[in-house]
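New notebook page. I'm opening the structure and jotting down what I look up as I go.

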Amino acid sequence: MNAKLPTIIITAIAISGCSTFKPAAKTPEQIAKADYVCDAKELQVLIGEQANDNTGKLALKKSYAKTLRWIPPNSAVTMDFRQDRLNISYDEEMQIQRVSCG
């Protein structure tokens with residue numbers, strides 16, 4: 001066996017231990033999606049639109065929320081706040097009346 005081989009291996013391990021790895025910085029979208037923090041500011045344009053599956057999917061994606069809670073007319077809802085939940089209230093004609101997080 002070559003006497004230099006253990007020295008080369010130890011040197012390679014030592015050098016690799018000195019290198020630093022910096023992961024790529026996350027975009028705000030990636031951070032929000034990872035933490036599921038709802039943001040409904042841009043969804044206010046949905047007020048007056050039809051409440052349906054397509055609207056819900058779009059709103060959930062754009063809000064970065066984890067869950068969507070549809071709130072039918074004249075319904076009681078819990079007052080617990082969840083940063084990962086999007087709430088969409090609609091009326092008897094299935095028109096969106098309110099979009100909020102919580």
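Before anything else, a note on terms: helices (H or I, at least four residues) and strands (E, at least two) are DSSP runs, numbered from the N terminus. I'm working with a predicted model, where local features need pLDDT of at least 70, side-chain atom pairs count only at pLDDT 80 or more, and totals for chains, interfaces and linings use all residues. Residues are numbered from 1 along each chain as its sequence is written, and side-chain values use heavy atoms, with hydrogens and water left out.

**Entry: layout.** I looked up the elements and found three helices and three strands in the protein chain. Along the sequence they follow the pattern α-α-α-β-β-β. I also checked burial: 25% of the 102 residues count as buried. Buried means under 20% relative accessible area, exposed over 50%, and partly exposed in between (1.4 Å probe, protein chains only).

**Entry: helix α3.** I went to α3, residues 53–63, and listed its buried residues: T55, G56, A59 and S63. What covers the buried residues of α3 includes β1, β2 and β3.

Then I checked both ends. At the start of α3, a side-chain oxygen of N52 reaches to within 3.1 Å of the backbone nitrogen of N54. Just after α3, Y64 takes a positive phi of about 65 degrees.

**Entry: strand β2.** Six of its six residues are buried, so β2 is largely enclosed by the rest of the structure. Both faces are covered, with R85, N87 and S89 on one side and L86, I88 and Y90 on the other.

I traced its partners too; two strands pair if DSSP finds at least two bridges between them. β1 and β2 pair in the parallel sense over five bridges, and L68 stands opposite L86 in β2. β2 and β3 pair in the antiparallel sense, also over five bridges, and here I88 stands opposite V99 in β3. The hairpin of β2 and β3 has five residues between the strands, and M94 there takes a positive phi near 65 degrees.

Entry: Contact here means heavy atoms within 4.5 Å.

**Entry: D84.** Last stop: D84, in the loop between β1 (67–71) and β2. Is D84 buried or exposed? I found D84 buried, with a relative accessible area of 15%. Leaving aside its neighbours within four places in sequence, D84 is in contact with Y36, A65, K66 and T67.

Key. Polar contact = N/O pair within 3.5 Å; in protein donor to acceptor, adjacent residues only side chain to side chain.
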